[in-house]
Amino acid sequence: MLELRLESKSFSRPVLGPLELRIEPGQRLALVGPSGCGKTTLLNIVAGLDTDFRGERIQTRESLCIAYMFQEPRLLPWRTVAQNLQLVGVATDEIEARLEEVGLDGIAALYPRQLSLGMARRVALARALAIKPDLLLLDEPLVSLDPETALKMRQLVKSLLDQRPWISLLLVSHDPEDARQLADECIYLTDQKVGVLLPSEEKTASAG
Amino acid sequence: MITRLRDYVLVLAVLAVLWQVLAQVLNDPLLPSPAQVMATMWHEAVRGDLIYHLMVTLRRVAIAFLFAMVLGVLWGWCMGRSRRMNRLFDPLLVLFLNLPALVLIILLYVWMGLVESAAVLAVILNKVPNVAVTLREGVRSLDPELEAMARAYRFTLRQRILDLWLPQLFPYLMAAMRSGLALIWKIVLVVELLGRSDGIGFQLHLAFQMFDVSTILAYSFSFILVVQLIEWLLLQPLERRARHWQAAGEVQNA
């Protein structure tokens with residue numbers, strides 16, 4: 001479905017690579033590594049937002065719909081929750097249902113700054129799922145949440161993904177527990193940014 | 001709102017009283033009292049002159065304002081978005097920013113003749129660089145994270161303009177409009193004084209030749225009133241609507 005052969009990616013210094021990644025339909029993949037090791041950069045490349053790298057990004061399916069849930073919710077602060085969802089094509093009469101699905105009720109008319117981080121992330125998740133993606137990119141969906149909220153969020157993501165087995169997942173996290181709960185396979189990005197194990201090789205080591 | 005209006009009226013009343021007292025003490029035709037100025041305003045209004053020249057000036061202001069805003073926004077957008085455009089246009093911008101309004105007006109009258117298009121063009125060219133500079137700052141401060149989000153979710157051009165860019169550029173547009181309106185009407189008066197046979201600037205020119213301070217003040221105040229009305233009836237409601245989201249209530253807990 002999507003293949004990435006990254007030779008190197010640098011800003012002022014090398015950040016990532018070499019690295020190979022293949023994502024198949026329904027595959028649930030996690031990228032785990034310490035902060036600053038280039039995980040978000042990799043997600044940006046996979047999403048097609050960052051094209052300034054050495055290597056190849058091959059999309060084998062022509063109309064591949066990718067939803068990207070950023071680490072910060074990135075809702076438009078001057079639009080209400082409902083309007084933020086409408087902007088990605090959610091019909092007016094569907095908004096409440098979309099929000100209920102992520103455990104939110106009665107917040108459609110609020111502005112993002114009136115929401116807590118946990119709630120805003122849920123809206124961002126609802127927005128990501130609303131575009132009916134083939135591939136969902138999650139960038140640290142649980143970071144900066146208090147433990148209880150993080151636990152609920154993880155369960156929510158898991159159950160929503162279980163209901164949609166066709167969605168491929170690429171999850172980025174610093175917490176191996178997220179990877180264990182949400183993904184089937186795991187790639188560890190090391191500090192050295194190189195010597196990354198391919199998912200097939202890693203599977204035996206980290207599955208379960 | 002009521003208290004603000006009350007303060008406004010109060011300040012004006014105090015100023016008017018001070019002025020009246022000063023005018024009576026000096027008793028000089030070069031400083032007419034507020035009552036005399038009001039009488040002149042009324043007289044000119046009844047004669048129809050005031051409204052006619054006010055409308056002529058207002059039309060020039062409106063045309064120049066519209067063109068200056070559109071061109072300035074486009075220019076500022078290009079310079080804010082692209083470093084190359086910025087390098088290319090920056091010398092031109094500095095030139096126009098520092099070219100005295102009067103020089104531009106004289107040059108255009110000399111080259112094009114004392115015609116309406118020269119007058120309006122002079123005003124536009126005076127204002128465009130100010131709008132461009134303000135907008136360039138605004139465009140440079142656009143949030144790259146939201147930009148990436150809009151790309152990831154494939155916002156249409158219309159959505160980007162209306163939902164992404166316009167709300168972020170709004171404070172810069174308001175600043176450009178406010179300073180624009182004030183600057184443009186002042187330049188329009190100079191343009192009219194130098195080369196037109198109608199408009200408030202022309203009337204001021206006539207009054208100046210006869211040292212008729214009362215008429216000068218009557219025409220000036222009437223236009224200040226118009227600008228104030230534009231501020232109250234157009235700009236402020238627009239601002240209130242656009243800033244609605246910032247006034248929304250406090251953060252909720254999950």
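How much area is buried between chain A and chain B, and what share of it do carbon and sulfur atoms give? The legends below take this predicted model view by view, starting with that interface.

View 1. About 2,400 Å² is buried between chain A and chain B, and carbon and sulfur atoms give 60% of it. Buried area here is the accessible area, found with a 1.4 Å probe, that two parts lose on being put together, summed over both. The size of an interface is often given in this way, as accessible area lost when the parts come together. Chain A brings 28 residues to the contact and chain B brings 26 residues, where contact means heavy atoms within 4.5 Å.

View 2. Two salt bridges cross the interface of chain A and chain B; the term stands for a side-chain nitrogen of Lys or Arg within 4 Å of a carboxyl oxygen of Asp or Glu. One of them joins the side chains of R74(A) and E145(B), at 3.9 Å from N to O. Eight residue pairs, both at pLDDT 80 or more, are in polar contact between chain A and chain B. A polar contact is a pair of N or O atoms within 3.5 Å; within protein, one must be able to donate a hydrogen and the other to accept it, and residues adjacent in sequence count only if both atoms are side-chain atoms. On the side of chain A that touches chain B, the elements giving two or more residues are strand 6 (66-69) and helix 4 (117-130) of chain A. That side of chain A divides into 20 nonpolar, three polar and five charged residues. In this count, Ala, Val, Leu, Ile, Met, Phe, Trp, Tyr, Cys and Pro are nonpolar, Asp, Glu, Lys and Arg are charged, and the others, Gly among them, are polar.

**View 3. Two domains within chain A.** Domain 1 of chain A covers 1-65 + 134-201 and domain 2 covers 77-132, with bounds from an automatic or database domain assignment. Their centres, taken over C-alpha atoms, are 24 Å apart. Here 19 residues of domain 1 of chain A are in contact with 12 residues of domain 2 of chain A. The area buried between the two domains is about 1,200 Å², with 70% from carbon and sulfur atoms.

**View 4. A closer look at the domain boundary.** One salt bridge is counted between domain 1 and domain 2 of chain A. The side chains of R164(A) and E101(A) meet in a salt bridge at 2.9 Å, N to O. Helix 5 of chain A gives the largest share, six residues, of the side of domain 1 that touches domain 2.

**View 5. Chain B, built from helices.** Chain B has 11 helices and zero strands; helices (H or I, at least four residues) and strands (E, at least two) are DSSP runs, numbered from the N terminus. Its C-alpha atoms fill a box of roughly 70 × 55 × 30 Å along the principal axes.

**View 6. How confident is the model, and where?** pLDDT, the predictor's confidence in each residue, runs from 0 to 100. Its mean is 92 in chain B and 86 in chain A. Over residues 192-208 of chain A, pLDDT stays under 50. Where pLDDT is low, the predicted coordinates should not be read in detail. The model scores ipTM 0.87 and pTM 0.84.

**Reading notes.** Residues are numbered from 1 along each chain as its sequence is written, and chains are lettered from A and ligands numbered from 1 in the order in which they are written. Local features need pLDDT of at least 70, side-chain atom pairs count only at pLDDT 80 or more, and totals for chains, interfaces and linings use all residues, while side-chain values use heavy atoms, leaving out hydrogens and water.
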